[in-house]
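Please find below a colleague's note on the model under review. The sequence and structure come first.

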There are 2 protein chains.
Amino acid sequence: MDQRSQRKQREYEARREEILLAAERMFSQHGFFKTSMAEIAESAQFAMGTVYRFFKSKEEIYISLVEAKVEELLSLLKEATKGGASTPEKLREVINVKLAFADQNRDFFRIYVSEWSGFEWTVKSAFGDRVWKKYLAQIDLVANLIKEGIKSKDFRKVNPKDTSLALHGMLNSTIYVWILQAGPKESLVDKGKWLGSLFLGGIGAVTTKS
Amino acid sequence: MDQRSQRKQREYEARREEILLAAERMFSQHGFFKTSMAEIAESAQFAMGTVYRFFKSKEEIYISLVEAKVEELLSLLKEATKGGASTPEKLREVINVKLAFADQNRDFFRIYVSEWSGFEWTVKSAFGDRVWKKYLAQIDLVANLIKEGIKSKDFRKVNPKDTSLALHGMLNSTIYVWILQAGPKESLVDKGKWLGSLFLGGIGAVTTKS
DNA sequence: TGATAAAATGAATGAAAATTCCATCTTGTC
DNA sequence: GACAAGATGGAATTTTCATTCATTTTATCA
């Protein structure tokens with residue numbers, strides 16, 4: 001009985017996941033507006049009606065997609081900043097994690113980076129609000145890291161939040177350009193080391209540690 | 001007779017221009033997909049049928065806008081590199097012109113950046129090709145400038161085209177971030193000086209001139 | 001096995017918007 | 001001032017979907 005419903009639960013989740021994957025595929029190929037529910041359904045190998053049993057609208061699919069990814073990235077970042085390493089080390093790790101994530105989720109980033117600004121409603125609607133909060137949580141996470149680094153004299157005195165924003169901006173733009181140029185198999189992660197030096201070199205107290 | 005048709009011509013152009021301006025206004029506010037032809041027509045104070053006498057589709061309006069902008073920027077850049085100033089000066093001017101242009105066309109750039117993935121005319125279609133060629137012309141223009149600078153020993157020996165691409169990449173990413181973060185009234189142009197030093201400092205022969 | 005409930009289907013619906021059509025108005029010409 | 005050619009307006013048509021729901025299929029279990 002309980003077993004049964006557990007399996008049901010699992011299967012439900014699995015199907016939901018499949019739909020999200022299909023949607024990610026389609027959205028990244030054609031963008032939000034030019035992807036139809038029919039295409040999503042077909043790509044997920046379900047009928048349209050079925051898709052609607054899992055998500056109440058196309059918009060909700062999009063938002064769920066973004067939310068799941070942003071959440072995933074946030075928890076990866078939390079993981080990366082947990083250990084006992086030095087602050088600059090942690091910062092380098094943050095950079096690596098984010099770039100690696102973009103690398104592995106290239107399709108997703110293509111929609112995310114390229115459309116979030118076009119969707120004012122994303123930020124305004126209740127759902128979008130959740131997404132936005134999670135994004136801000138990323139910023140805060142790194143801002144705290146910077147605060148720490150200032151205390152430990154690893155970084156000079158800067159506004160932590162602004163600086164965190166700047167770092168994220170730097171990473172985002174790098175990711176963006178990398179995605180747009182769609183070059184061969186240039187690795188995004190490789191740029192992390194250089195970006196790290198740039199950022200730390202710019203922010204470091206006197207001479208850069210490590 | 002000839003006078004007459006000349007005036008007709010002028011008036012035709014003026015109307016076309018008005019429609020483009022209205023479209024730019026609407027697209028900038030709501031994005032491409034959420035702007036309807038009815039809105040464009042209303043904003044231009046024409047009826048829909050009239051708008052269709054000037055442009056055969058909504059997409060064509062958008063395309064014409066993009067093309068005009070890219071063209072405009074190219075000619076501004078040509079202007080900037082014409083005089084008798086030193087090569088590093090010209091380079092700084094290129095940076096300023098490009099940033100100022102993005103600054104003045106902020107709203108428009110935002111849709112361009114955020115929605116272009118929704119179109120199928122990428123670099124392949126006849127249109128995308130025209131735009132792309134004009135973009136490459138910008139790269140070449142600057143590449144020639146760099147070549148000049150190398151000859152005059154203002155710059156060290158680098159691959160001019162690659163370096164030009166790098167500079168454009170640097171500017172683009174700065175512009176992207178600035179556009180996407182949609183901050184208050186931070187000036188983009190103000191960043192030009194700093195970007196200039198960075199680029200020239202990196203490329204300068206021994207110590208940077210000016 | 002067959003009765004019942006739950007899930008899945010996809011054609012039908014309706015709304016929003018792009019595009020077309022043509023009646024009406026403007027302008028230029030003689 | 002009358003006629004033609006062209007321009008304009010906006011209602012009507014067509015297209016494109018998101019969403020719904022009557023029906024069919026599948027799963028559960030006595």
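The numbered points below concern confidence, helix packing and salt bridges.

1. Basis. This is a predicted model, in which local features need a pLDDT of at least 70 and side-chain atom pairs count only at pLDDT 80 or more, while totals for chains, interfaces and linings use all residues. Residues are numbered from 1 along each chain as its sequence is written, chains are lettered from A in the order in which they are written, and side-chain values use heavy atoms, leaving out hydrogens and water.

2. Confidence in chain A. The average pLDDT of chain A is 80, and 79% of its residues score at least 70 (pLDDT is the predictor's confidence in each residue, from 0 to 100). Residues 116-125 of chain A have a pLDDT below 50, and this stretch has 24 contacts in the model beyond near neighbours in sequence (contact means heavy atoms within 4.5 Å). Residues 204-210 of chain A also stay under 50, with 11 contacts beyond four places in sequence.

3. Helix pair in chain A. Helix α4 (residues 58-80) of chain A packs on helix α5 (residues 87-104) of chain A at about 155°, the axes lying 9 Å apart. Helices are DSSP runs of H or I with at least four residues, numbered from the N terminus; axes are lines fitted to C-alpha atoms over the stretch in contact, and angles run from 0 to 180 degrees between N-to-C directions. α4(A) and α5(A) are therefore roughly antiparallel (angles over 145 degrees). By class, their contact has seven nonpolar, no polar and five charged residues. Among the residues that meet are Leu73(A) and Leu76(A) in α4(A), and Val94(A) and Phe101(A) in α5(A).

4. Helix pair in chain B. Helix α4 (residues 58-80) of chain B and helix α5 (residues 87-104) of chain B pack at about 155°, with axes 9 Å apart. That makes α4(B) roughly antiparallel to α5(B). The contact of α4(B) with α5(B) comprises seven nonpolar, no polar and five charged residues.

5. Salt bridges. Over all chains, the structure holds 16 salt bridges (a side-chain nitrogen of Lys or Arg within 4 Å of a carboxyl oxygen of Asp or Glu). One joins the side chains of Glu11(A) and Arg15(A), at 3.7 Å from N to O. Both residues lie in helix α1 (residues 2-30) of chain A, four residues apart, about one turn of the helix.

Conventions: Helices (H or I, at least four residues) and strands (E, at least two) are DSSP runs, numbered from the N terminus. Angles under 35 degrees count as roughly parallel, over 145 as roughly antiparallel, 65 to 115 as roughly perpendicular and the rest as oblique. Ala, Val, Leu, Ile, Met, Phe, Trp, Tyr, Cys and Pro count as nonpolar, Asp, Glu, Lys and Arg as charged, and the others, Gly among them, as polar.
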